[in-house]
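Please open the model in your viewer and keep the sequence beside it. This tour tells you what to select at each stop.

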Amino acid sequence: MRRLLWMLLSVAAAAPTPRLDAQNPPDTSRAAEAQLRHEFQRRWSERVRQELGLSDDQAGKLQATEGKYLQQRRDVMQHQRAVNEALRGQLQPGVAASDDSVRKLMDQRERNRQALAQLERNEDREIAGYLSPVQHARYQLMRQRLQDQIGRIRGRRARGEKMGWPGMRGPRERPRQPPPP
């Protein structure tokens with residue numbers, strides 16, 4: 001869950017936003033980002049607790065488990081971003097790519113993917129120790145829905161679409177006009 005939370009928050013934080021340093025100093029934006037992250041975590045934890053009917057003990061254990069794997073996941077994801085950046089550098093048009101470098105980078109990418117998958121398996125195994133099978137399955141579905149939502153947000157940003165709040169009309173939600181006669 002925290003992995004998804006972190007992904008969502010990193011997507012929001014990584015989005016290029018014009019900023020005038022005189023109007024919005026970096027310390028203020030970092031504080032706002034930390035506050036946003038904290039609020040998102042609080043709401044997510046609250047929602048998970050309500051939807052799964054978690055006891056205080058279960059909720060505490062779940063938060064501890066998520067926190068335990070969060071930093072490990074961040075480290076692997078940061079390394080993966082560096083590998084992907086190096087790979088893009090190797091594959092630029094008009095630049096001769098080094099077969100050896102590309103092979104090593106591809107191997108590193110695969111090791112990172114395996115490490116992330118192993119972290120997720122370890123986290124799920126730990127969670128299965130204190131959630132019932134039904135709670136665990138519901139929790140996994142909630143995480144998957146959040147991942148899907150993050151993917152849609154990333155896709156929109158990649159396409160340059162404006163992000164609106166729920167209920168607001170976006171580029172694909174405009175009413176269709178009847179064809180002219």
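Axes here are lines fitted to C-alpha atoms, for helices over the stretch in contact, and angles run from 0 to 180 degrees between N-to-C directions. Residues are numbered from 1 along each chain as its sequence is written. This is a predicted model, so local features need pLDDT of at least 70 and side-chain atom pairs count only at pLDDT 80 or more, while totals for chains, interfaces and linings use all residues; side-chain values use heavy atoms, with hydrogens and water left out.

**Whole chain**

Show the whole protein as a cartoon. Look for five helices and zero strands. Helices (H or I, at least four residues) and strands (E, at least two) are DSSP runs, numbered from the N terminus. The order from the N terminus is α-α-α-α-α.

Now colour by burial. Buried means under 20% relative accessible area, exposed over 50%, and partly exposed in between (1.4 Å probe, protein chains only). Of the 181 residues, 29% count as buried. A contact means heavy atoms within 4.5 Å. Among contacts in the protein with a separation of 6 or more, 70% come from residues 24 or more positions apart.

**Helix 3**

Select residues 56-90, which form helix 3. The expected span of a helix is 1.5 Å times one less than its number of residues. For the 35 residues of helix 3 that gives 51 Å, and the end C-alpha atoms are 51 Å apart, which agrees.

Stop at Leu70. Helix 3 bends there by about 30°. The bend at a residue is the angle between axes fitted to the seven residues ending there and the seven starting there.

Next, pick Gln72, also in helix 3. Gln72 is partly exposed, at 35% relative accessibility. Then pick Ala82 in helix 3. Ala82 is partly exposed too, with a relative accessible area of 46%.

**Helix 3 against helix 4**

The crossing of helix 3 and helix 4 is left-handed. A crossing is left-handed if the near helix is turned anticlockwise from the far one by less than a right angle, and right-handed if clockwise.

Gln72 and Leu119 are 47 residues apart along the chain, and their C-alpha atoms are separated by 7.9 Å. Ala82 and Arg109 are 27 residues apart in sequence and 9.8 Å apart in space.

**Helix 5**

Move to residues 133-159, helix 5. Its 27 residues should span 39 Å, and its end C-alpha atoms are 39 Å apart, which agrees. Buried residues in helix 5 include Tyr139, Met142, Leu146, Ile150 and Ile153. Just after helix 5, Gly160 takes a positive phi of about 80°.

**Helix 4 against helix 5**

Show both helices. The axes of helix 4 and helix 5 come within 10 Å and cross at roughly 145°. Helix 4 passes helix 5 in a right-handed crossing. Glu120, Glu123, Asp124, Ile127 and Ala128 in helix 4 meet His136, Tyr139, Gln140 and Arg143 in helix 5.

Finish on His136. Is His136 buried or exposed? His136 is buried, with a relative accessible area of 13%. Leaving aside residues up to four places away in sequence, His136 touches Asp124, Ile127, Ala128 and Leu131.
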